[in-house]
Amino acid sequence: MDLPKHFVIRESSHRVLNPIESAQLATLGAALRLPAGGTLLDLACGKGELLCTWAREHGITGTGVDISTAFLADARARAADLGVADRVTFLHGDAGAYVAAEPADVVACIGATWIGGDTPGTVRLMESSLKLGGMLLVGDVYWRADPPPEAVEALFGADCLSLPGQVERFHELGYDVVELVAADERGWDRYAAASWLSMRRWLDANPDDELAPEIRSELTRSQLQHVRWQRPYLGWGVFALLRR
Ligand SMILES: C[S@@+](CC[C@H](N)C(=O)[O-])C[C@H]1O[C@@H](n2cnc3c(N)ncnc32)[C@H](O)[C@@H]1O
């Protein structure tokens, strides 16, 4: 099991594989007042930036699970670079089937709320690895403005709520939202536009690769999807949740 190669090409230059910027990730880590020595499980951890930087800044220890062997290799290299390799562990596997042997103080799933089927299912999955009284961190999309049908079709749509709708859903699931860091258009540009240059450079270097037609069409599609629909209509945030 591995992530298809076109994702790895598209996100080759990213550290955070979501539309929040590194500074916002740091803001969130500081805002949560994480206790040194606390434990964090990051489901679908990508390149491990959250775990590695928070281990360095806040003294947490943790585990990340992801299906991408390429992203996990980057995560391990980042942990070594930041001097936290003894505090973080990265595991290859399906995070949708992962339950920690030791429940964690914080369980995160940032931008992969499909791993438990949908957002409520992912919250229930995360709970199975959470200590009593622990905190969930859920990174998820919402509509910033009422989308035209074309935007719903072009993006994912079905399970996407407004921001108040997201907060109401967390209430219905039994949680208070106790922190929120939201992406803005600048963050969306960093996430989307950085992938365009990565794809373009890869195409220039690999014109005859069997993936070249797919990457060519994704590069064209993604520029227009971003400026037409993603940038004006789609919000994204990390919600910190404590059980009521
Ligand atoms: C949008 S990225 C977010 C990565 C990371 N949380 C971050 O914020 O940088 C989604 C991640 O989910 C991973 N992924 C997708 N399905 C998965 C699964 N079933 N189990 C584990 N990881 C998965 C991908 O490999 C990718 O790293």
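## About the model

Residues are numbered from 1 along each chain as its sequence is written, and side-chain values use heavy atoms, with hydrogens and water left out. Because the model is predicted, local features need pLDDT of at least 70 and side-chain atom pairs count only at pLDDT 80 or more, while totals for chains, interfaces and linings use all residues.

## Around the ligand

Let's start with the ligand. There are 19 residues around it, and Leu17, Asn18, Ala44, Asp66 and Ala95 come nearest (a residue is near if one of its heavy atoms lies within 4 Å). The shell holds 12 nonpolar, 5 polar and 2 charged residues. Here Ala, Val, Leu, Ile, Met, Phe, Trp, Tyr, Cys and Pro count as nonpolar, Asp, Glu, Lys and Arg as charged, and the others, Gly among them, as polar.

A polar backbone atom of leucine 17 is 2.8 Å from an oxygen atom of the ligand. Nitrogen atoms of the ligand feature too: one is 2.8 Å from a polar backbone atom of alanine 44, and one lies 2.8 Å from a backbone N or O atom of alanine 95. On its own the ligand exposes 590 Å², and the protein buries 88% of that (areas come from the Shrake-Rupley method with a 1.4 Å probe).

## How the helices pack

Two packed helices are described by the angle between their axes and the distance between the axes. Helices here are DSSP runs (H or I, at least four residues), numbered from the N terminus; axes are lines fitted to C-alpha atoms over the stretch in contact, with angles from 0 to 180 degrees between N-to-C directions.

Helix α2 (residues 22-31) and helix α3 (residues 49-58) pack at about 50 degrees, with axes 10 Å apart. That makes α2 oblique to α3 (angles under 35 degrees count as roughly parallel, over 145 as roughly antiparallel, 65 to 115 as roughly perpendicular and the rest as oblique). The axes of α3 and helix α4 (residues 69-81) come within 9 Å and cross at roughly 15 degrees, so α3 is roughly parallel to α4.

Notes:
A polar contact is a pair of N or O atoms within 3.5 Å; within protein, one must be able to donate a hydrogen and the other to accept it, and residues adjacent in sequence count only if both atoms are side-chain atoms. Helices (H or I, at least four residues) and strands (E, at least two) are DSSP runs, numbered from the N terminus.
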